[in-house]
Amino acid sequence: MSGSHRTPTRGRFALSRRAKIVAAGTTAALVGAAFGYFAFFPEQAPAFVRSAVRGAMESVGIADDPPPVCPLTGEERTEEVPARPALGIKVENAPESRPQAALNEADVVLEEPVEGGYTRFIAIFQCGESDRVGPVRSGRATDPDYLRQLGPAVFGYSGAVAAVGREVPKAGLVGVNFDHQPEAFTRDPNRSAPHDIFTSTAALWDVGADAAEADDREPADAPEPVFAFSETWEGRSRRLPQIGLPYSSVSDVVWRWARRQGAWLRSHGDVPHTLEDGTQVSATNVVIQVVEVTDSAIVDAAGNASPDVELTGSGRAYVLRDGRMIPGRWERENLDEVTRFVTRDGEEITLAPGRTWVELLPSPIEIVFPEPVA
């Protein structure tokens with residue numbers, strides 16, 4: 001990832017020894033006041049408290065190593081970031097496949113159009129993990145094109161046409177396919193086929209590592225960030241209580257801002273999109289990437305053409321964070337580059353630390369904005 005995604009270092013003024021002593025005392029008071037409560041419950045400390053205390057310590061030359069940060073969520077950790085590659089898992093979204101498992105454990109979720117007005121997901125994990133993910137379904141040409149920006153990621157899926165299967169290794173991915181490596185998957189006897197295939201992140205990372213070793217690949221480490229993050233956004237934005245993305249009658253997506261949870265909640269029309277554990281699908285950020293979609297030469301059993309999604313070039317984009325919408329555009333010069341999201345003035349848009357959903361929305365679909373209040 002380019003250096004523009006990193007927080008710039010700040011210049012420090014030279015302080016006299018006496019001034020440092022006074023400042024250090026002030027810093028100690030600040031630390032004591034700020035963490036009188038949070039010392040016992042550090043995970044509850046607001047981000048601004050953590051940031052203020054770190055800033056005060058840095059200003060007087062008290063070295064404090066920055067905490068580890070998850071590359072795909074921008075969230076701080078109390079322990080090191082796992083030394084493992086990104087893992088993308090293809091998850092079904094037909095009504096018959098719901099409720100799904102583990103979408104709220106993923107670092108990033110991509111929603112993409114497939115045949116017949118349906119959509120499917122790629123649940124992407126790196127810091128996140130889950131003992132049960134699915135239902136797992138087949139890959140599409142969009143998958144390697146999107147995932148290759150994550151470096152040598154592992155891609156778990158259940159079957160694909162030959163043309164798509166060939167593109168997986170070409171994109172630098174380690175494919176774990178149910179058709180060839182069934183030991184990484186299980187069938188749920190309480191579900192009907194083909195909506196019954198599940199997996200775990202541990203199984204896919206293990207089998208993926210074995211597959212990479214068999215191909216004489218070097219072990220992959222954590223990926224570089226694909227988004228820029230900041231605690232706040234000071235640029236132009238507008239309040240947005242909800243937004244509708246009507247992919248089709250079976251994928252009528254609505255995101256609503258829930259202020260109490262500090263998250264966007266997902267529904268299909270008026271029906272909350274809930275998971276196996278009963279929780280509603282949620283995201284800290286929703287990134288709507290408007291894309292051009294054409295019919296490919298690949299067709300399904302019903303004769304529907306598989307969509308060919310254009311993921312290079314540029315197009316409209318809308319970033320949802322903190323109950324607000326930032327209009328802009330996306331840019332990706334070629335498939336070996338990371339997709340950038342910028343304002344209309346060219347400033348890079350930052351996301352709030354947390355889970356992000358990326359919506360690949362075909363350009364003919366009209367986004368449904370809320371009616372203005374009279």
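Strand E15 (residues 285-291) and strand E18 (residues 313-321) pair in the antiparallel sense, over 5 bridges. Strands here are DSSP runs (E, at least two residues), helices likewise (H or I, at least four), and both are numbered from the N terminus. Two strands pair if DSSP finds at least two bridges between them. Within this pairing, Ile288 has Tyr318 of E18 as its bridge partner. The model is predicted: local features need pLDDT of at least 70, side-chain atom pairs count only at pLDDT 80 or more, and totals for chains, interfaces and linings use all residues. Residues are numbered from 1 along each chain as its sequence is written, and side-chain values use heavy atoms, with hydrogens and water left out.

E18 also pairs with strand E19 (residues 324-332). The two run antiparallel and are joined by 9 bridges. Here Gly315 stands opposite Trp330. E18 and E19 form a hairpin with 2 residues between them. Asp322 sits in that turn, and its phi is positive, about 55°. Asp322 is not a glycine, yet it takes this positive value. Its relative accessible area is 38%, so Asp322 is partly exposed. The classes are buried (under 20% relative accessible area), exposed (over 50%) and partly exposed in between, with a 1.4 Å probe and protein chains only.

In E12, Ala263, Leu265 and Ser267 point one way. Trp264, Arg266 and His268 point the other way, and all of these residues are buried.

Which strands does E12 pair with? One is strand E11 (residues 252-258), antiparallel to E12 and joined to it by 6 bridges. Arg256 stands opposite Leu265 in E12. The hairpin of E11 and E12 has 4 residues between the strands, and Gly262 there takes a positive phi near 65°. Strand E14 (residues 282-283) also runs antiparallel to E12, with 2 bridges. In that pairing Leu265 stands opposite Ser282. Strand E13 (residues 271-272) is antiparallel to E12 as well, again through 2 bridges. His268 stands opposite Val271 in E13. E12 and E13 form a hairpin with 2 residues between them, and Gly269 in the turn has a positive phi of about 65°.

Next, the disulfide. The structure holds 1, where a disulfide is a pair of cysteine sulfur atoms within 2.5 Å. Cys70 and Cys127 form it, with their sulfur atoms 2.2 Å apart. The pair links distant parts of the chain, 57 residues apart. Cys70 is in the loop between helix H2 (47-59) and strand E1 (87-91). Cys127 is in the loop between strand E3 (119-125) and helix H3 (142-147). The torsion about the S-S bond is about -105°, so the disulfide is left-handed. Both cysteines are buried.

A cis peptide bond joins Arg98 and Pro99, with omega about 5°. Pro99 lies in the loop between E1 and strand E2 (108-113). A cis peptide bond also joins Ala193 and Pro194, with omega about 5°. Pro194 is in the loop between strand E6 (185-187) and strand E7 (197-199). Asp216, a residue other than glycine, has a positive phi near 60°. Its place is the loop between H5 and strand E8 (228-229). Asp216 counts as exposed because its relative accessibility is 71%.

Asn177 lies in strand E5 (residues 174-177). At 7% relative accessibility, Asn177 counts as buried. Leaving out residues up to four places away in sequence, Asn177 touches Tyr157, Ser158, Gly159, Pro182 and Phe185. Contact means heavy atoms within 4.5 Å.

Last come the spaces. On a 1 Å grid over the protein atoms alone, a cavity is a set of points where a 1.4 Å probe fits but cannot get out. A pocket is an open set with protein on both sides within 12 Å along at least five of seven lines, and lining residues have an atom within 4 Å of a point. The second largest pocket is lined by 15 residues, and Pro85, Ala209, Ala212, Pro219 and Ala220 lie nearest its centre. Helix H5 (residues 201-214) gives the largest share of this lining, 5 residues.
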